Amino acid sequence: MGGRVLIALGGNAMTAPDGSASPADQQRAIGEAMAHVAALSRAGHEVVLTHGNGPQVGNLLLKNQLAAHVVPPVPLDWCVAQTQGTIGTLIMNALQRELGHARVAAIVTRTLVDPADPAFQEPVKPIGRYFGEDEARRFEGHGQVWRRFDRGWRRVVASPRPVEILDAPAAVALIDAGFIVVAAGGGGVPVVRGEDGTLTGIEAVVDKDLAAAVLAAAVGATELVIATDVPYAAVDFGTPRARPIGEIDVAALRELQAAGHFAGGSMGPKVEAALRFAEETGGRAVITSLHHIGAALSGNIGTRVYRGVER
């Protein structure tokens, strides 16, 4: 019998290979991803899922902008909640096609963030599509922050650190009842707690992988699998000197991280999430491609991170 495994699915598991996010493309991609997840469930693993939502939120933001003269735009935290529902439904349907009688539940999940987080002072997370400067300036007039990139102007928002997955207890109750659970999609709906204890949504994007590490610890997962589009994290990635990282302890991986081997917008958050989970729980974190998650859990492939190297 396998242990409790949290699998964090990247955006490549939700869209076509070229990044297209049409409904048909999303259904097809999620169906293929769930075939790999179903194999883990059949092998006896207790599976918990979380997922990215970048393309889906980008599409909702574009609809906001195009229809702003007809219906009021909705805030970013609403968009995250909407995509949790949509993607969660597709995952539930796909898993039940694969597993037949399986019980699957998707939870609209809130992630607590600190309103004093420095990320709110300097938004850097790009979201949505590229626009020309005139359009960007118009949106800035509505209080948004836009920055110029190589391909044009793009909205940027804060990406605060996840403090707590507030609805993790609901996930645990469902897991203990035998459900495969989907939770904290897109990093969770970001909320802040007021002085009176009430919770309010806030415009931000919580990194999906960092939230996955917090969720994995909260639900008692023994392993965290971060599924991406490469089989390993690598040293000197993109150069002739590139070499894959296999089994490694947190101290050695922290050294590589400090040396600048992991780009902030791609592998960096995945490595940090793996490190935090392994450090805080003593469990194993794995970074690998979606197609290799089964072999990675068997210890045959992937970057496998331990608090202390186990042999």
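**View 1. Lys208 in helix α6.** K208 is placed in helix α6, which covers residues 208-218; helices here are DSSP runs of H or I with at least four residues, strands are runs of E with at least two, and both are numbered from the N terminus. The model is a predicted one, in which local features need pLDDT of at least 70, side-chain atom pairs count only at pLDDT 80 or more, and totals for chains, interfaces and linings use all residues. Residues are numbered from 1 along each chain as its sequence is written, and side-chain values use heavy atoms, with hydrogens and water left out. K208 counts as buried because its relative accessibility is 11%, where buried means under 20% relative accessible area, exposed over 50% and partly exposed in between, with a 1.4 Å probe and protein chains only. Leaving aside residues up to four places away in sequence, K208 touches A8, L9, G10, H51, G52, G186 and G187, a contact being heavy atoms within 4.5 Å.

**View 2. The aromatic cluster of F131, F139 and W146.** Ring pairs join F131, F139 and W146 into a cluster, and the structure holds 4 aromatic pairs. Rings of Phe, Tyr and Trp (its six-membered ring) pair if their centres lie within 6.5 Å, with planes under 30 degrees apart called stacked, over 60 edge-to-face and the rest tilted. F131 and W146 form an edge-to-face pair, at 5.7 Å centre to centre and 80° between the planes. Because F131 lies in strand β5 and W146 in strand β6 (residues 145-149), this pair ties together parts that are 15 residues apart in sequence. The pair of F139 and W146 is stacked, since the ring centres are 5.2 Å apart and the planes are at 20°. F131 counts as buried at 18% relative accessibility, F139 is buried with a relative accessible area of 5%, and W146 is buried with 4%.

View 3. The largest cavity has a volume of about 70 Å³, and a search of the whole structure finds 1 cavity of 30 Å³ or more. A cavity is a set of points, on a 1 Å grid over the protein atoms alone, where a 1.4 Å probe fits but cannot get out, and lining residues have an atom within 4 Å of a point. Grid points are joined across faces, edges and corners, and the volume is the space filled by probe spheres set on them. The lining includes F131 and W146, together with residues such as L61, Q65 and R155. Helix α2 (54-66) and strand β5 (125-131) each supply at least two residues of this lining.

Key
On a 1 Å grid over the protein atoms alone, a cavity is a set of points where a 1.4 Å probe fits but cannot get out, and a pocket is an open set with protein on both sides within 12 Å along at least five of seven lines; lining residues have an atom within 4 Å of a point.
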